[in-house]
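Here are a few friendly notes to read alongside the model.

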Amino acid sequence: MAHSTTCAKNDVKMLAMRNNRLDPHGIASVLHQVSCSELQFLDLSENPIGAVGAAALCRVLPACRSLQHLDLERTGLGNHGVTDLCIALRRYIRPPSHVVI
C-alpha cells in the first residue's frame with residue numbers, strides 16, 4: 001500500500017529548488033502548485049529558467065507577500081527577465097529584503 005503525504009498549499013514557507021534542472025515550464029508548474037502567501041524563502045538558483053521562467057515568476061510575485069529571500073543566481077534571466085522582475089518587485093508593498101540575481 002502506497003503512503004502519500006499531502007501538504008496544504010499555504011503551509012509552504014521555504015522552497016529550495018537550487019540546481020534541479022527546472023526549465024521555464026517546470027518553474028511555472030512548481031509555482032502553480034505552491035501558494036505563495038506564506039512563502040518566505042525561494043531559491044531557484046542554477047536552473048535554466050530564462051526570461052520565460054522569470055515572466056512566470058513575475059505573475060505569482062504579487063501573491064508572495066511574506067517573501068523575504070529570493071535567489072535567482074545563474075538562471076539565465078537575461079535583460080528582459082531582470083527588467084520584468086524589477087518591475088514586479090517594485091509593485092510590492094514590502095519587497096523581499098534579500099534578492100540575488
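This is a predicted model: local features need pLDDT of at least 70, side-chain atom pairs count only at pLDDT 80 or more; totals for chains, interfaces and linings use all residues.

1. Let's begin with α3. The buried residues of this helix are Gly81, Leu85, Ala88 and Leu89. They sit on the same side of α3, because the arc they cover around the axis is only 95°. On the face turned away from that buried side you will find the exposed residues Asn79, His80 and Arg90.

2. What do the buried residues of α3 pack against? Their partners are α2, β3 (69-71) and β4 (98-100). As for its length, α3 has 13 residues and reaches 18 Å from its first C-alpha to its last, close to the 18 Å expected at 1.5 Å a residue.

3. Next, the core. The largest nonpolar core has 27 residues, and those with the most contacts inside it are Leu42, Leu57, Leu61, Leu67, Leu72 and Leu85. At least two residues of this core come from each of α1 (24-33), α2 (50-60) and α3 (78-90). It is α2 that gives the most to this core, with 4 residues.

4. Leu72 deserves a look of its own. Leaving aside neighbours within four places in sequence, Leu72 is in contact with Leu44, Ser45, Ile49, Leu57, Leu77, Leu85, Val100 and Ile101. One of these, Leu85, is also among the buried residues of α3.

5. Now the sheet. This is an open sheet of 4 strands in the order β1-β2-β3-β4, and the pairing is parallel. The edges are held by β1 (14-16) and β4, each with a single partner strand, so one side of each is left without a neighbour in the sheet. From one strand to the next, the twist averages 5°.

6. How many bridges join β3 to β4? There are 3, and the two strands run parallel. Asp71 stands opposite Val100 in β4, and Val100 is one of the residues that Leu72 contacts.

7. Finally, a histidine worth a click. His69 is found in strand β3. Is His69 buried or exposed? His69 is buried, because its relative accessible area is 18%, which falls under the 20% cut-off. Not counting residues up to four places away in sequence, His69 touches Gln40, Phe41, Leu42, Pro96 and His98.

Notes:
Residues are numbered from 1 along each chain as its sequence is written. Side-chain values use heavy atoms; hydrogens and water are left out. A nonpolar core is a set of buried Ala, Val, Leu, Ile, Met, Phe, Trp, Tyr and Cys residues joined through side-chain atoms within 4.5 Å. Buried means under 20% relative accessible area, exposed over 50%, partly exposed in between (1.4 Å probe, protein chains only). Contact means heavy atoms within 4.5 Å. The expected span of a helix is 1.5 Å times one less than its number of residues. The arc is that of the directions from the helix axis to the C-beta atoms. Two strands pair if DSSP finds at least two bridges between them. Axes are lines fitted to C-alpha atoms, for helices over the stretch in contact, and angles run from 0 to 180 degrees between N-to-C directions.
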